[in-house]
Amino acid sequence: KNPTDKILENLFLIVTLDSRAFDLDSIKPNGGRFSPGDNSIIWEAKDVSKLRFLGRGEEGKVEFWINVKDEIETFSSQDKELVLENQVLLSEVSAEFEVKLNTNLMVDQKGFFQDDVFGNQGVHPLVVGSQNTYTIIWQAKNRYADVQNSRVKALLPIGVELTGKIFPENSTLTFDSGSREIVWEIGDIPAGTGFFDELPGPSVAFQIAFTPTSLHRGSAAELVGEARITGEDLFTNQVVSSLDGAIDTTLPDDESITEQMGVVQ
């Protein structure tokens, strides 16, 4: 924008990107020219009409798009609180901008029949009217910034019940029989948790029991719905969350159970 009483002509605009989190291969400069040597995008007067002539009080606009990496290759246990920075030079005027990057808070949900935690019982393939027990394991991970008030929630389908077996036994795991929501209260999760040996991710295991009915015959049955983890990112002051998929009786994480063994007979 030209806030002066002068007419500005033959301007140039340079944007320089500065963060390991930028995916430079994804950049779309939209009329500008990207220079990978210094990670800059240049727009000249011949590219943008408002750079050729910007009258008193007039405004011009350019746009570009770039993705943030899903993972940062050189991420280490010392990395936290990542920032996306860019410097803008409009001829003789400059400014700097930054965007704080939300942490990547995740939960891994896995289900097993064969396990060393509780020792499950049942038959495979599943049979209508015959009860099987299973072990569900949740593990939390957190990449780039400290998180507080974190929890995991999932729904248990009708016909699936908790047996009361939990490990560790002091885990804060609750179940609402009305909503059928199971909740694991985790609390604080430091940056890097679950990605390095010195910061193992918190986990909880609980046992469920399922008795197939005639309605399940000929198909696999859902044992637990998708798991959602939420928490408050202390760097960006935003609530962050992610999902892991539901688990059914085919138990993709249990190598001892084939897909056909998970189908109710």
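Q: At 67% relative accessibility, does Asn237 count as buried or exposed?
A: In this predicted model, Asn237 is found in the loop between strand S18 (227-233) and strand S19 (238-244). The cut-off for exposed is over 50% relative accessible area. The relative accessibility of Asn237 is 67%, so Asn237 counts as exposed.

Q: What is the phi of Asn237, which is not a glycine?
A: Most residues other than glycine have a negative phi. Asn237 is not a glycine, yet its phi is positive. The value is about 60 degrees.

Q: Does Leu251 count as buried or exposed?
A: Leu251 lies in the segment after strand S20 (247-248). Its phi is near 45 degrees, a positive value in a residue other than glycine. Buried means under 20% relative accessible area. Leu251 has 0% relative accessibility, so Leu251 counts as buried.

Q: What is the radius of gyration of the protein?
A: The secondary structure comes to 1 helix and 20 strands. For 265 residues the globule rule gives 18 Å, and the protein is well over that, so it is more spread out than a compact globule. Its radius of gyration is 27 Å.

Q: What does the C-alpha trace of the protein span along its principal axes?
A: The protein is more spread out than a compact globule. The spans of the C-alpha trace are taken along the principal axes of the protein. They are about 85 × 40 × 35 Å.

Q: Of the contacts with a separation of 6 or more, what percentage is accounted for by residues 24 or more positions apart?
A: A contact here means heavy atoms within 4.5 Å. Among the contacts with a separation of 6 or more, the share from residues 24 or more positions apart is 73%.

Q: Which loop holds Pro168?
A: The peptide bond from Phe167 to Pro168 is cis, with omega near -5 degrees. Pro168 has its place in the loop between strand S13 (160-167) and strand S14 (173-176).

Q: Which residues touch the most other members of the largest nonpolar core?
A: In soluble globular proteins, nonpolar side chains tend to be buried together. The largest nonpolar core here has 32 residues. At least two residues of this core come from each of S10, S11, strand S12 (147-155), strand S15 (181-189), strand S16 (203-210), strand S17 (222-224) and S18. The residues that touch the most other members are Tyr134, Trp138, Val152, Trp184 and Ile208.

Q: Which residues does Arg56 contact, leaving aside its neighbours within four places in sequence?
A: Arg56 is found in the loop between strand S6 (53-54) and strand S7 (65-68). Its relative accessibility is 54%, so Arg56 counts as exposed. Its C-alpha atom is separated by 32 Å from that of Leu84, which is 28 residues apart from Arg56 along the chain. The contacts of Arg56 are Asn2, Thr4, Asp5, Lys6 and Ile7.

Q: How far apart in space are Ile137 and Ala246, C-alpha to C-alpha?
A: Ile137 has its place in strand S11, and with a relative accessible area of 25% it is partly exposed. Among its contacts outside four places in sequence are Asp108, Phe112 and Val204. Ile137 and Ala246 are 109 residues apart in sequence, and their C-alpha distance is 12 Å.

Q: What distance separates the C-alpha atoms of Ile166 and Thr249?
A: Ile166 lies in strand S13 and is partly exposed, with a relative accessible area of 24%. Its contacts beyond four places in sequence include Phe118, Leu173 and Phe206. Ile166 and Thr249 are 83 residues apart along the chain, and the distance between their C-alpha atoms is 20 Å.

Conventions:
Residues numbered from 1 in each chain as written. Predicted model: local features only at pLDDT ≥ 70, side-chain atom pairs only at ≥ 80, totals over all residues. Heavy atoms only, no water. Helix = DSSP H or I, 4+ residues; strand = E, 2+ residues; numbered from the N terminus. Rg over C-alpha atoms; globule rule 2.2 N^0.38 Å. Buried < 20%, exposed > 50% of the residue type's maximum accessible area, 1.4 Å probe, protein only. Core = buried A, V, L, I, M, F, W, Y, C linked by side-chain atoms within 4.5 Å.
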